[in-house]
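Here are some notes for a colleague who is opening this entry for the first time. Please keep the sequence and the structure at hand while reading the points below.

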Amino acid sequence: MATTKKTIALALERAGYHVAARTSGYVRMVGETGAGSLYVKENYISATGALREVEHIIARTSSDSKGNPEWRSERIVSVLAALGARTESRGESHTVDLETRHERKPIFASNKEKKREFSADCRWGRPGVYLAFPTSAELKPIYAGYKTKVNDQHTKIGIARDCFEARKRSYVGTFDGEVEFWPIAEVNKESLKSVEDRILARVSRRYGKVGRAREWFNTTDRKEIRAMILALLQGAL
């Protein structure tokens, strides 16, 4: 999709960012806290200050003269999603699909608390948040005796209360080895339930659920879901 300067700025503005400066070449935008800036050009966005953390979710395309991350082309849409804004192409026009702004507060109250409770460097022996999905087209029950069935067109968002390794073994047994298991982030046990509730509430606004299963979604867009989860944990959504 074409990501014009006007389209990007409009999406960010409606997501809670405002214009701090405007020139013929770029628009500089800041968030509600003012911690960092976003520089918007035609088919281009870069970040400074605290907003640079978005590159932990969406890899940079390049760097500017000061070493700040830059994103171009198709990565811009993913960056907007991580920042709480999303543009969709419909024919020749672009519309902005934004989620409610009052939900954009971080899960953790401070950066210190966030570092203590959450890590994207996953170890198999730790608890945390994961994605799981079958790799076969054959519909199979999510648990033995359950009516709800899933296949490779569905995705599970779950929490490992004990450790990732134990949950993976469980899925391997349930789906006869035909399953992928992606640890997304380590989260301390005390925070798991609240983290799960926030993630499921956010994801369910965008993707439909499978039957009565609370954690299974009718989508294969796993990279987008992963980006949403990390953005939510890091306070970008």
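**Notes on a threonine pair and a helix pair**

1. In this predicted model, T219 is placed in the loop that runs between β15 (216-217) and α6. With a relative accessible area of 9%, T219 is buried, because buried here means under 20%.

2. The side chain of T219 has a polar atom 2.9 Å from the backbone nitrogen of D221. Leaving aside residues up to four places away in sequence, T219 touches Q153, H154, T155, Y207 and I225.

3. T155, one of those neighbours, belongs to strand β13, which covers residues 155-160. T155 also counts as buried, its relative accessibility being 0%. A polar atom of the T155 side chain lies 2.7 Å from the backbone oxygen of T219. Again not counting residues up to four places away in sequence, the residues that T155 touches include L131, A132, F133, W216, F217 and I225.

4. I225, which is touched by T219 and by T155, is also among the α6 residues that meet α5. Helix α5 (residues 189-204) and helix α6 (residues 222-233) pack with their axes 10 Å apart, at an angle of about 130 degrees, and that angle makes α5 oblique to α6. The crossing of these two helices is right-handed.

5. On the α5 side, the residues in this contact are V195, R198, I199, R202 and V203, and they meet I225, M228, I229, L232 and L233 of α6. Sorted by class, the contact of α5 with α6 comprises 8 nonpolar and 2 charged residues, with no polar ones.

Definitions and conventions. Residues are numbered from 1 along each chain as its sequence is written. This is a predicted model: local features need pLDDT of at least 70, side-chain atom pairs count only at pLDDT 80 or more; totals for chains, interfaces and linings use all residues. Side-chain values use heavy atoms; hydrogens and water are left out. Axes are lines fitted to C-alpha atoms, for helices over the stretch in contact, and angles run from 0 to 180 degrees between N-to-C directions. Helices (H or I, at least four residues) and strands (E, at least two) are DSSP runs, numbered from the N terminus. Angles under 35 degrees count as roughly parallel, over 145 as roughly antiparallel, 65 to 115 as roughly perpendicular and the rest as oblique. A crossing is left-handed if the near helix is turned anticlockwise from the far one by less than a right angle, and right-handed if clockwise. Contact means heavy atoms within 4.5 Å. Ala, Val, Leu, Ile, Met, Phe, Trp, Tyr, Cys and Pro count as nonpolar, Asp, Glu, Lys and Arg as charged, and the others, Gly among them, as polar. Buried means under 20% relative accessible area, exposed over 50%, partly exposed in between (1.4 Å probe, protein chains only). A polar contact is a pair of N or O atoms within 3.5 Å; within protein, one must be able to donate a hydrogen and the other to accept it, and residues adjacent in sequence count only if both atoms are side-chain atoms.
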